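These are my notebook entries on a protein chain, kept in the order in which I looked things up. The sequence and structure come before the entries.

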Amino acid sequence: MVARQFDNLRLVSEDVAEFNYRPTACRQAYRMVVVRKNLSVEKGERVLFDDVRYFFYLTNDWVSEAAEIVFDANDRCHQENLLAQLHGGVRALKAPVDTLESNWAYMVMTALAWNLKAWWALTLPEQPGRWQEQHREEKRWGWGWSFKTFVNAFVLLPCQIVRSAGKLVYRLLAGNAYQPIFFRLVAALRC
């Protein structure tokens, strides 16, 4: 943000090159794809300095274009994001308890919470007709959420519970952008 004077990395240009590379202990050569990113580090509206970063991709795919190799590798990096979410978002790898059995129980609870997010995304219905493509995209989008986003959007909902005439009424007190998705899932689960 310009007004708050944050450091901002801006991509100026990107170059892709490739060459054959044979590691010392290997008998065969591999394809090395190199991406050079020319970045500009800015603070507010001022450019502080230029930065150059290199990314190396080692592959045995000789058929695909170099840019295709880079895009495929970046798609696979989403797995690293999922591992980071397991480490930081769900805290699966940082059990706060002291004994082996309590750590095991904590890991089971964490796995159940993560499975709840996955089950929710898979259960979300895709109604045929005019909105089918949007519903399919929301389902894919929900599958890729971090656990923290899922909790804030669908679990930590401020709700007023009113008991009247022998039934419970749940009133959502605040709206968010995900409420249409939430109500579509609730309607599907009622059936």
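This is a predicted model: local features need pLDDT of at least 70, side-chain atom pairs count only at pLDDT 80 or more; totals for chains, interfaces and linings use all residues.

**Entry 1**

For E14 I read a relative accessible area of 41%, so E14 is partly exposed. K37 also counts as partly exposed, at 25% relative accessibility.

I then asked how many salt bridges the structure holds. The count is 10. I noted for reference that side chains of opposite charge can pair when their charged atoms come close.

Another of these pairs is R10 with E42, where the closest N and O atoms are 3.2 Å apart. I checked the cover of each partner. R10 has a relative accessible area of 42% and is partly exposed. E42 is at 12% relative accessibility, and because buried means under 20%, E42 counts as buried.

**Entry 1: The sheet that carries these pairs**

I next looked up how β1 and β2 are arranged. Strand β2 covers residues 30-43 and runs antiparallel to β1, with 14 bridges joining the two. Which residue of β2 stands opposite A17? I found V34 in that position.

Three strands make up the open sheet, in the order β1-β2-β3, with antiparallel pairing. Why is one side of β1 and of β3 left without a neighbour in the sheet? β1 (7-21) and β3 (46-59) stand at the edges and each has a single partner strand, so one side of each has no neighbour there. I recorded an average twist of 15° from one strand to the next. As background, strands of a sheet pair through backbone hydrogen bonds, either parallel or antiparallel.

**Entry 2: A nonpolar patch**

I looked for nonpolar side chains on the surface. F19, Y21 and L58 form such a patch, with about 290 Å² of accessible area together. I placed L58 in strand β3. L58 has a relative accessible area of 48% and is therefore partly exposed.

**Entry 3: A network of charges**

I returned to the charged pairs, this time around helix α4. The side chains of R136 and E126 meet in a salt bridge, at 3.1 Å from N to O. R136 lies in helix α4 (residues 132-143), while E126 lies in the loop between α3 (100-123) and α4, so the pair ties together parts that are 10 residues apart in sequence. R136 counts as partly exposed at 27% relative accessibility, and E126 counts as partly exposed at 28%. I then found that R136 and E126 belong to a network of salt bridges that links them with E133 and K139.

I moved on to strands β4 and β5. Six bridges join β4 (residues 159-164) to β5 (residues 167-172), and the two strands run antiparallel. C159 stands opposite L172 in β5. The two strands form a hairpin with two residues between them. In the turn, A165 has a positive phi of about 55°.

Is Q179 buried or exposed? Q179 counts as buried, at 17% relative accessibility. Leaving aside neighbours within four places in sequence, I found Q179 in contact with L172 and A174.

**Entry 4: The chain as a whole**

I closed with totals. The secondary structure of the protein chain comes to six helices and five strands. From the N terminus on, I read the elements as β-β-β-α-α-α-α-α-β-β-α. Of the 191 residues in the chain, 24% are buried. The accessible surface is about 14,100 Å², and 57% of this surface belongs to carbon and sulfur atoms. Among contacts between residues at least 6 apart in sequence, I noted that 46% join residues at least 24 apart.

Definitions and conventions:
Residues are numbered from 1 along each chain as its sequence is written. Side-chain values use heavy atoms; hydrogens and water are left out. Two strands pair if DSSP finds at least two bridges between them. Helices (H or I, at least four residues) and strands (E, at least two) are DSSP runs, numbered from the N terminus. Axes are lines fitted to C-alpha atoms, for helices over the stretch in contact, and angles run from 0 to 180 degrees between N-to-C directions. Patches are made of residues with over 30% relative accessible area and no salt bridge: like charges are joined within 9 Å, nonpolar side chains (Val, Leu, Ile, Met, Phe, Trp, Tyr) within 5 Å. Accessible areas come from the Shrake-Rupley method with a 1.4 Å probe; for residues, only the protein chains shown count as cover. A salt bridge is a side-chain nitrogen of Lys or Arg within 4 Å of a carboxyl oxygen of Asp or Glu. Buried means under 20% relative accessible area, exposed over 50%, partly exposed in between (1.4 Å probe, protein chains only). Contact means heavy atoms within 4.5 Å.
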